[in-house]
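The following report describes selected features of the structure shown below.

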Amino acid sequence: MSTTEAHTEVPVFDADFVHDLHARYAEIRDATPVQRMVTPNGLPVWVITRYADARAALADPRLSKEVTRIRDVIAENLPPDSDHRAFDESLASHMLNMDPPDHTRLRKLVVKAFTSRRVEALRPRIEQITAGLLDDMAEKSEVDLLDAFAFPLPIQVISELVGVDESRRDDFRAWTNTLLDASDRDAAGAAAVAMAQYLTELIEHKRRQPADDLLTALIDSTEDQDRLSDKELIAMVFLLLVAGHETTVNLIANGVLHLLRDPDQWAALRADPDLVAGAVEEMLRFDGPVMHGTFRFTAEPLPVGGVEIPAGQIVWVGLAAANRDPEQFPEPERFDITRDAHGHLAFGHGIHFCLGAQLARLEAQIALRGLVERFPNLTAAGSLDDAQWRFSTLIHGLRALPVRPTG
Ligand code: HEM
C-alpha cells in the first residue's frame, strides 16, 4: 500500500469515536495497518492498528518520545489557529518523555527505589484499604463504583507509597483530573503550577524528615554517584502519581463493567476467585485503561506494514486496536477471563514498559477478589448498554458505573 492510500479516509478522534471505540478500530484494523486520524484540535496523527506492528513500533528507536522535539513536531503539524495545550516544562520533563540515554539513566535510578519488594510489601495495606471501602459500600443500596471504590483505592495507595500527606489527597485528585481533561487549557496550566509547587515543598520536607516511602528512596537513590536533581524528582513524582492513578481506576471499573455485562464471567470468578490473576490480564487486553497513550514521533521515516510514515510525524501506537487483533488473539471480541491473554500490550512494551505494572496488577487483583467475595450478587443499577465513556485521547474510562452492592 502506498502512503497516499493510507490518507484516503481520515476519521476524527472525537466523542463519537470514543463511544464506539472497538467497532471503529476493528474496521480500521481490517482495512489498513496505519490509519491517518485527526484529533479534535486538528492534529494529524498516524495510528498503528495491528498487534505485530504495534509491538515492533514500541521497541523501535526510530520512534522518539523526546519531549522538546515532540512539542516542535506537534506545532509544525497543527493547522494555524488551532487550540494547542503547551506542555508544562517542569512536569513534562520525565522519563516517559525521553529517549536513551536520558531515559536509561532515570529509569535505572527509579528502579532502584521502586523495587518489587516495595510493591509486594504494600499487599496488606492494599487489602486493608479495599476492605474499608467495601465496608462503606455495604451500607448503601446503590453506589457509583468509580466514586466509592475504583477511584479512592489507587489514589490512596499511590499517595501513601510516594508519601503525599493525607490532607492534600483531594487536591491531587482535582489536579490530575484537570490535567488529563483536554478541554480547559487555563485550568490545566493552573493545576500544573499548583502541583509543581506542592511537590517542591514535599521534596524539601522529605529531605528534612526522611520516611519509609518512595519519595525518600528516590531522593536517596544513587547509581555511580549519580542521583536525581530536584527538577527530575518533581517530574518523576508527577509521572508516578498521574500514571499510577487514573490508569488503575479504569482497569478496575472497565473490568467490573464487562464482568457485569457477562453474568457467566462474573459467576465463574465468584465460583473460583483464584481466576482473578487471569481475569485482570483479560481486562487489560479487552478494554484496558490506555487507548493510545503511547504517542511518539518519527525521528526517521518508518515503514509499517507496507506504509511509509515520513519523518517528523506524530504516531499513535493503538494499544486498544492491537489488543483485539484476531491475528494475535482468537475471537478477540469475546471477553473470557479464562483465556490466555498473555502478551497484550496494555502496559506497553520495550524500554518504556510500564514501571507500575506489578502494582497495578496487585491492586486490581485485590480489588476484584474483594468485590466478588464481599458482594457475590453485585448487580448494575441501570442499563449497562449505554455506559458513558469519558472523552480523552489518553484514558479509556467510564463517567460512572452505578451498582447495587448486594451480599
Ligand atoms: C508507562 C499503562 C499503571 C507508572 C506506561 C505505558 C503504558 C502504561 C501503556 C507505556 C507508555 C509508552 O510506551 O508510551 C499502564 C496501565 C496501568 C498503569 C494500563 C494500570 C492498569 C501504572 C502505575 C504506575 C505506572 C500504578 C506507578 C505507580 C508508569 C511509568 C511509566 C509507565 C513511570 C513510564 C515508564 C518509562 O518511561 O520508562 N504505563 N500503567 N503505571 N507507567 Fe504505567
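With which residues is valine 315 in contact, leaving aside its neighbours within four places in sequence? They are Val45, Trp46, Ile48, Leu63, Phe295, Arg296, Phe297, Thr298 and Ile309, where contact means that the C-beta atoms, placed from the backbone, lie within 7 Å. The model is predicted: local features need pLDDT of at least 70 and side-chain atom pairs count only at pLDDT 80 or more, whereas totals for chains, interfaces and linings use all residues. Residues are numbered from 1 along each chain as its sequence is written.

Valine 315 is also among the residues with the most contacts inside the largest nonpolar core, together with Leu145, Met236, Val237, Phe238 and Ala253. This core has 117 residues; a nonpolar core is a set of buried Ala, Val, Leu, Ile, Met, Phe, Trp, Tyr and Cys residues joined through C-beta atoms within 7 Å. Helix α15 gives the most to it, with 11 residues. A residue is buried if 20 or more other C-beta atoms lie within 10 Å of its own, exposed if 12 or fewer, and partly exposed in between, with C-beta atoms placed from the backbone.

An open sheet of five strands has the order β1-β2-β8-β5-β3 and mixed pairing. Its edge strands, β1 and β3, each pair on one side only. Strands β1 and β2 run antiparallel and are joined by five bridges, with arginine 36 opposite tryptophan 46. Strands pair if DSSP finds at least two bridges between them; helices (H or I, at least four residues) and strands (E, at least two) are DSSP runs numbered from the N terminus.

| Element | Residues |
|---|---|
| β1 | 34–38 |
| β2 | 44–48 |
| β3 | 63–64 |

Proline 44 lies in β2 and is partly exposed, with 15 other C-beta atoms within 10 Å. Its contacts beyond four places in sequence are Arg36, Val38 and Asn77. Leucine 78 is 34 residues from proline 44 in sequence, yet the two are 7.2 Å apart in space, C-alpha to C-alpha.

Helix α18 (residues 276–287) is largely enclosed by the rest of the structure, because 10 of its 12 residues are buried. Among them are Val276, Met283 and Phe286. The buried residues pack against α16 (246–261), α17 (263–271) and α20 (357–374).

Around the ligand are 26 residues, of which Gly244, Thr247, Gly348, Cys354 and Gly356 come nearest; a residue is near if its C-beta atom, placed from the backbone, lies within 6 Å. Helices α15 (230–243), α16 and α20 each give two or more residues to this shell.

Definitions and conventions: Two residues are in contact if their C-beta atoms, placed from the backbone, lie within 7 Å.
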